[in-house]
Amino acid sequence: MTTKNDPEEALAALEEQEFDVVISDFKMPGINGLQLMEQVRSRYPDTIRILLSGQVDLTEVTRAFNTGLIAQFLVKPWRDDEELISAVQLAARSRKALVQSRALLVQYQDLREQMDSLGHAVTATCLALRHDSAVAQDGEFLRRSILRRDGDE
């Protein structure tokens, strides 16, 4: 766990190390928590974002949820530490699932490319076999024609 009191320090820490979850208060020096979350999302879209605030603006929070800017919102003060712990655990599981799904997508795309290559190889083999078969039939036709011609003479 890394704690930063300044949004710029938090962004600098994100540049140095990958984080699964970023938790931010709404009120901070310089920029507010939503502005920080916008920067985190644009630079590190797979990082799960949680916003905390003692002053709730439902319009802003709703917009933040609807646009995917934040995954969770906790009102300060929370009832007990278990609420925050549960939120972080859920966010960590979400991040893990996201990373796994991305890895599966890459595997799927690799398999799809391999299947496409195999499909092209099968098509080429079938065309070659048809060609060989046609050549063989033409050769047999010529052989019979020659035999008939030789037999007529």
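This is a predicted model: local features need pLDDT of at least 70, side-chain atom pairs count only at pLDDT 80 or more; totals for chains, interfaces and linings use all residues.
1. Val 56, Leu 58 and Val 75 together make a nonpolar surface patch of about 260 Å².

2. Turning to the pockets, the largest pocket has a volume of about 740 Å³. Two or more lining residues come from each of helix 1 (7-16), strand 1 (21-25) and helix 4 (81-152). Strand 1 provides the largest share of the lining, 5 residues.

3. The lining of the largest pocket counts 24 residues in total, and those nearest the pocket centre are Thr 2, Thr 3, Lys 4, Val 22 and Ile 23. By class, 15 of the lining residues are nonpolar, 4 are polar and 5 are charged.

4. Helix 4, already named for its part in the pocket lining, also holds Leu 118. Is Leu 118 buried or exposed? Leu 118 is exposed, because its relative accessible area is 56% and the cut-off for that class is over 50%.

5. A last point concerns distance. Leu 118 and Val 88 are separated by 30 residues in sequence, and their C-alpha atoms lie 45 Å apart in space.

Key:
Residues are numbered from 1 along each chain as its sequence is written. Side-chain values use heavy atoms; hydrogens and water are left out. On a 1 Å grid over the protein atoms alone, a cavity is a set of points where a 1.4 Å probe fits but cannot get out, and a pocket is an open set with protein on both sides within 12 Å along at least five of seven lines; lining residues have an atom within 4 Å of a point. Grid points are joined across faces, edges and corners, and a volume is the space filled by probe spheres set on the points. Helices (H or I, at least four residues) and strands (E, at least two) are DSSP runs, numbered from the N terminus. Ala, Val, Leu, Ile, Met, Phe, Trp, Tyr, Cys and Pro count as nonpolar, Asp, Glu, Lys and Arg as charged, and the others, Gly among them, as polar. Buried means under 20% relative accessible area, exposed over 50%, partly exposed in between (1.4 Å probe, protein chains only). Patches are made of residues with over 30% relative accessible area and no salt bridge: like charges are joined within 9 Å, nonpolar side chains (Val, Leu, Ile, Met, Phe, Trp, Tyr) within 5 Å. Accessible areas come from the Shrake-Rupley method with a 1.4 Å probe; for residues, only the protein chains shown count as cover. A salt bridge is a side-chain nitrogen of Lys or Arg within 4 Å of a carboxyl oxygen of Asp or Glu.
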